[in-house]
Amino acid sequence: MKKLTYLLNYFSEKDASHFTHILYLLEKIADKNCAIILLIEKAETLPSFKNENIKAVRLFTRLPLLRHLELFFRLVWIICHGYKTSFVRISAPAAVVASLAHRICGGRSFLWQSGTTHEYDVAQPWSIKKLRWWIASYLPNVIARTMIHRFVTGPEFMVDYYSRVVGIPERKIDLLYNDIQLERFQTEISAEERDKFRQKYNLPEECLILLLVHRLSPVRKTLMYLEPFLKKIKEDLAQRHWVLVIAGGGSELANAKQLASTLGVQENVIFLGDVPNLEIPKLYAVGDIFVHPTYTEGFPRVLIEAMASGLPIVTTDAGGTPQLLGNTQKHYLVNKNDPEEFAARAIELITCQQSWAGLGDENLKTVQRFSTDAVSDMYINVLFS
């Protein structure tokens, strides 16, 4: 039996992050003759699994230095009991600790990351804030990416990005996709539940529901797209009921609320803030169109969630986004440097309702290659080859 240690920085059932999906992925990997220890640095509760091959444990201390010391000795014990492969999700400090433990005790460590914020962070002017970033993020990532046995990312665009921009040798990089548990997003939501959503927010039956799901941060520059989008939709859909539902927190949330008020569309924009990931499928199920205005992405999970929900999409070409979409859906793929075109293409999609079903069907077919079953095979091939 193959043995894997999966390191997760944080877990909570109420959390709005995408970590919840990892539980389904681990179940599928375990089903394929793999024993897994899920080692969580910080956990509100421990997840439960159907498969007895998975054991979830958490560290006792949350103080950074002591936590890393505990993590090291835990990993040494685990490695000595035959778990020669460790996979770290995102956390550079944990990857450094895992790499050190494996260099001493044998085996291999893997670090998965996918994001294009490197250029943005490096370009920021020097300040106390940037100094803290350099110490807490940049330096640990440089050390982790140097020490790690294999660096893992996806989709294909991100392999080139980390090699060309970040400087990781391409020979050290493995390709792994994000996965999507299709059945979570393809269950039929009852008309009664959809009505409850409309009634909760006083939406008429004919109201068009546009959905935006991601954190509002300066890196994504969401407001750069949101302003022309809201202006154009206010003008072009003046005679139609519509609402934009925004699920996500972030430092730009207050500015987004102010923008909606300034443009006089505050009654048409619903800000949900962070939504627990377990509740996300219900949210996709009540949407008509998914809008994804973003300047910086790696492998945007929200996009494959929308695809798995059968929603038509308008998005930018940030990061690896173009490699996720089918040919017809790419008509609504906009240059990330053109916010006005994003607004125009969104209106085109909104007013072309006859195309929604076809786009949804294509997205449902295209997203199959990112299914948890398919991606679990990728994990096994990469981690144990």
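In this predicted model, helix α9 (residues 222-236) and helix α10 (residues 253-262) have axes that come within 11 Å of each other and cross at roughly 15°. Angles under 35 degrees count as roughly parallel, so α9 ends up roughly parallel to α10. As for its hand, the crossing of α9 and α10 is right-handed. On the α9 side, the residues that meet the partner helix are Leu223, Leu226 and Glu227, while α10 brings Asn255, Ala256 and Leu259 to the contact. Sorted by class, that α9-α10 contact comes to 4 nonpolar residues, 1 polar and 1 charged.

Next comes the sheet. Here 6 strands line up in the order β10-β9-β8-β11-β12-β13, making an open sheet with parallel pairing. At the edges sit β10 (269-273) and β13 (333-334), each of which pairs on one side only. To pick out one spot, Leu211 stands opposite Phe290 in β11.

Helix α9 ties the two parts of this description together: besides meeting α10, α9 packs on the sheet. The strands that α9 touches are β8, β9 (242-247), β10, β11 and β12 (313-316). Relative to β9, the direction of α9 makes an angle of about 165°.

Methods. Residues are numbered from 1 along each chain as its sequence is written. This is a predicted model: local features need pLDDT of at least 70, side-chain atom pairs count only at pLDDT 80 or more; totals for chains, interfaces and linings use all residues. Side-chain values use heavy atoms; hydrogens and water are left out. Axes are lines fitted to C-alpha atoms, for helices over the stretch in contact, and angles run from 0 to 180 degrees between N-to-C directions. Helices (H or I, at least four residues) and strands (E, at least two) are DSSP runs, numbered from the N terminus. Angles under 35 degrees count as roughly parallel, over 145 as roughly antiparallel, 65 to 115 as roughly perpendicular and the rest as oblique. A crossing is left-handed if the near helix is turned anticlockwise from the far one by less than a right angle, and right-handed if clockwise. Contact means heavy atoms within 4.5 Å. Ala, Val, Leu, Ile, Met, Phe, Trp, Tyr, Cys and Pro count as nonpolar, Asp, Glu, Lys and Arg as charged, and the others, Gly among them, as polar. Two strands pair if DSSP finds at least two bridges between them.
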